[in-house]
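Reader: I would like to go through some of the labels used for this structure and the grounds for each. Please set each value against its cut-off.

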Amino acid sequence: MDQHAPLFLGGMFCLGMLSIPLISAGSAILQEDSIIEKKTYLTKKITDVPPLIDGILDDQAWGFVDWGDEFIQFQPDEGKAPAQKTAFKILYDDKNIYVGIKCYDTEPEKIVKRMGRRDNYDGDWVQVVFDSYFDHLTAFGFMVTASGVIGDEYITNDFQNEDLSWDPIWYVKTTIDHEGWNAEMRIPLSQLRFPEKEELVWGLEFLRRDHRKGELSMWQYIKKNAPGFVHRFGELHGLQGLKPQKQLEVMPYVLGKIENSEKVEGNPYATGSRQVINAGLDAKIGITSNFTLDLTFNPDFGQVEADPSIVNLTGFQNYFSERRPFFIESNNILDYRISESIAWGSHNSDNLFYSRRIGHNPQGYPGLNDNEYVRIPENTTILGALKLTGKTQDGLSVGVLESLTQREIAKISDGTNERSEAVEPLTNYFETRIIKDYNKGNTQIGGIVTSVNRDLRDPELDFLRRSAYAGGLDFNHNWKNKTWYLYGNVIFSRVEGSTESITNTQTSQEHLFQRPGSGRLNVDTTLSSLNGTGATIRFGRGGNGKIQFQLGGTYRSPGIELNDIGYLYKANALYQFFWASYHIYNPWWILNRFQCNINQWTDWDFGGNNLYR
């Protein structure tokens, strides 16, 4: 386990299958087959003055509720009492949830407190996690270090997916005293999602990291070999009369910029100085307690963290993670990965929706005459975008994204005469994704549709595809308390355009219809459209035992094309994969954990060529 990671128990998952634990207090060590008692905590509503968030738990309000304690080690000595005691209290009012945590330490001068960025923490930390939907699949985590660095995450699909980019607005202070260190939190209800009922029950979990001892302890114990996470939480009782809060955030901006550079004689676009002014708006609107509408007009991504430098010596496209706030918010709903087994590496990134396509660099480049200079926009301007995401009380997750990007023009000049040429067309991007939970979240059925439509009025842009459509259906079924699982999906795609654009598609690195030994594939220069399909199936055992495994296969037909709004590493491929592992989680001899595994995979193309095994 990465000692710097909070709740996301990195290292506890084996080849794509997560194994996480929960403990009941009382016994020194729990055997693998023992039943773990579910813990409950009773909170109360504040009737007087709420706590002052100063990191000192001396407010009168904290006396209204009892302490929750009896944490149990998750690692390194699973099931044993931790070296240091941890206790917490929870209160609420009409607008906020209040959490007070005491991390006792017999040597407070040795508490490890290190500074860092948000979501990049080190040293001692503590975390509270709420399953406020109480759907046993979704949770909201709030974490703070002893130095006051905060982290937060949005967990879905029983912790198979976590969104670390989720940045809610909440408040916390930490202090250190002679007993250890304290954390005092105020979490606005507007940052959480929950149904409107007279009396609510939420899932609840606390975790603490003792950096010196290398310990991770939990309030509600979850065993290391237990599949799933959120559905094993303890419970928070006593929430009465809470009304879901609607969120409203509006953030306009005005940007002025002066660029100074070296002057180039004769180049009218390199005069040594350039002034730019820009304006836009971002907004977040709570449509209902469960659905949020995000809007952006001419967004400013100038302050977004830069991508890492990569030297690509292949013909395949690089895959970069999304860093722009508008697109990473609730991206877990819009995500549609085609396969998730790590047995075949780079293809794990294949996805029907890859938001980096929206606002990318202009794809065209003008033809230049002698002594001509050009200025091309660095990125395609996003004129506007909206995104509606949320989950209903009966388990229906919905995501809709619509975006329009500007027609971009390059300016060309020889110093006397200036002309212009289009380098990117006006383009519309659309996606809708739905997922429905059944059988208490053990079964999920979903679907997705995406489209890209370009206005190709400029003949110099005929090399681009005019339209691209893709869609898919998927299912996920778990049984035996999520020990066993079966997952599958099917996808399709269709692209249309000029014969030049479809010929470019056939000969691109992802397809290579022209390569020797490609079987029946041949480049057809008369085509104006191209169709393709794909599918994946996975079956396996994920926990509740020492043996785990996964067996599956996936394929991409030669004609499938997703790279207008998705990401496709390679078409024309059939993969078969298998892995199995054997675990010993409880301490044995000098080891705290032991694992051995075997991996096997094979790759063919549709011509019957075995590419690797």
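Author: The model is predicted. A place to begin is helix α3, residues 499-507, where S501, I502, T503, T505 and Q506 are buried.

Reader: What makes up the cover over the buried residues of α3?

Author: The cover includes three strands, β27 (465-479), β28 (484-497) and β29 (529-541). Cover here rests on contact, meaning heavy atoms within 4.5 Å.

Reader: Why is D335 called buried?

Author: D335 has a relative accessibility of 19%. The label buried applies under 20%, so D335 counts as buried.

Reader: Where is D335 found, and which residues does D335 touch?

Author: D335 is in the loop that runs between α2 (331-334) and β20 (373-375). Not counting residues up to four places away in sequence, D335 touches N351 and R433. As for K197, that residue is 138 residues from D335 along the chain, and the two C-alpha atoms are separated by 30 Å.

Reader: Why is N290 called buried, and where is N290 found?

Author: The relative accessibility of N290 is 8%, and therefore N290 counts as buried, the limit being under 20%. N290 lies in the loop between β18 (273-286) and β19 (291-297). Leaving aside neighbours within four places in sequence, N290 is in contact with Y133, R193 and F194, and also with T389, G390, K391, T392 and Q393.

Reader: What labels do C103 and C596 receive, buried or partly exposed?

Author: C103 has 1% relative accessibility, so C103 counts as buried. C596 has a relative accessible area of 38%.

Reader: How many disulfides does the structure hold, and what would count as one?

Author: The structure holds zero disulfides. To count, a pair of cysteine sulfur atoms must lie within 2.5 Å.

Reader: How do you know that the radius of gyration agrees with that of a compact globule?

Author: For 613 residues, a compact globule would have a radius of gyration near 25 Å; the chain has 27 Å, which agrees. Along the principal axes, the C-alpha atoms fill a box of roughly 80 × 60 × 45 Å.

Reader: What can be said of the chain as a whole, in secondary structure, burial and contacts?

Author: The chain has three helices and 33 strands. Buried residues make up 54% of the 613 residues. Of the contacts between residues at least 6 apart in sequence, 66% join residues at least 24 apart.

Conventions. Residues numbered from 1 in each chain as written. Predicted model: local features only at pLDDT ≥ 70, side-chain atom pairs only at ≥ 80, totals over all residues. Heavy atoms only, no water. Helix = DSSP H or I, 4+ residues; strand = E, 2+ residues; numbered from the N terminus. Rg over C-alpha atoms; globule rule 2.2 N^0.38 Å. Buried < 20%, exposed > 50% of the residue type's maximum accessible area, 1.4 Å probe, protein only.
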